[in-house]
Amino acid sequence: MKMLALLLALACAGTVQAAPATVVAQAQDAGSAYKLGLMYRNGTGVAVDAGLAAHWIGVAARGGLAQAMFTLSNMLAAGEGVTADAGAARRWLEEAAALGYPAALQELAMREPDPRQAELLLRQAAHALQHP
C-alpha cells in the first residue's frame with residue numbers, strides 16, 4: 001500500500017507519467033511490477049521512461065522474479081535508466097542463474113573462460129529450457 005501511495009504522490013507532483021490504474025494497483029507483487037517496468041521500458045500504453053522502467057524492474061528483481069533479475073542485469077550493464085554498474089549487473093545475472101533462468105545461464109556460459117564450466121552452464125540452461 002505504501003508503494004501505491006508513493007506512486008500516486010509522484011504522479012500528482014507530475015514526476016511520473018500516468019500508468020493504467022489497474023496495473024499500478026497490482027504492482028505490489030513481483031510479476032505485476034515487472035509488467036509495469038516493461039511497459040515503461042517499451043512505451044506500451046505509457047511514454048518510454050527508462051528510469052521508471054529500472055525502478056519497477058528492480059522492485060520485481062528484489063521480489064525474487066528471475067526474469068526481472070536478468071533484465072535488470074542487462075539494464076545495469078548498459079546504463080539504461082540507471083548508472084552503469086558492471087558489478088551489480090554481474091550479481092543480478094548470477095542471482096537469476098542460481099534460480100535456473102535459462103537466459104542467465106546462457107549469458108554466464110558465454111562469459112566463462114573455462115570451457116568445462118561453460119559447457120556445464122550450457123547444459124544447465126538446456127535442462128532449464130526443457131523443464132520450465
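In helix α3, the residues that count as buried are Ala30, Ser32, Ala33, Tyr34, Leu36, Gly37, Met39 and Tyr40, where buried means under 20% relative accessible area, exposed means over 50%, and partly exposed lies in between, with a 1.4 Å probe and protein chains only. Before I go further, please keep in mind that this is a predicted model, in which local features need pLDDT of at least 70 and side-chain atom pairs count only at pLDDT 80 or more, while totals for chains, interfaces and linings use all residues. Residues are numbered from 1 along each chain as its sequence is written, and side-chain values use heavy atoms, with hydrogens and water left out.

Let me stay with α3 for a moment. Helices here are DSSP runs of H or I with at least four residues, strands are runs of E with at least two, and both are numbered from the N terminus. α3 has 13 residues and spans 18 Å from its first C-alpha to its last, close to the 18 Å expected at 1.5 Å a residue, the expected span being 1.5 Å times one less than the number of residues. At its start, a side-chain oxygen of aspartate 29 comes to within 3.1 Å of the backbone nitrogen of glycine 31, and just after the helix, glycine 43 takes a positive phi of about 70 degrees.

Now to α6, residues 86-98, which has 13 residues and reaches 18 Å, close to the 18 Å expected. Its N-terminal end is capped by aspartate 85, with a side-chain oxygen 3.2 Å from the backbone nitrogen of glycine 87, and just after α6 we find glycine 100 with a positive phi of about 80 degrees. The buried residues of α6 are Ala88, Ala89, Trp92, Leu93, Ala96 and Ala97, and what covers them includes α4, α5 and α7.

A search of the whole structure finds one aromatic pair. The rings of phenylalanine 70 and tyrosine 101 have their centres 5.6 Å apart and their planes at 50 degrees, so the pair is tilted; rings of Phe, Tyr and Trp (its six-membered ring) pair if their centres lie within 6.5 Å, and planes under 30 degrees apart count as stacked, over 60 as edge-to-face and the rest as tilted. Phenylalanine 70 lies in α5 and tyrosine 101 in the loop between α6 and α7, so the pair ties together parts that are 31 residues apart in sequence.

Finally, threonine 71 also has its place in helix α5, and at 7% relative accessibility threonine 71 counts as buried. Leaving aside neighbours within four places in sequence, threonine 71 is in contact with Tyr34, Arg41 and Ile57, contact meaning heavy atoms within 4.5 Å.

Notes: Polar contact = N/O pair within 3.5 Å; in protein donor to acceptor, adjacent residues only side chain to side chain.
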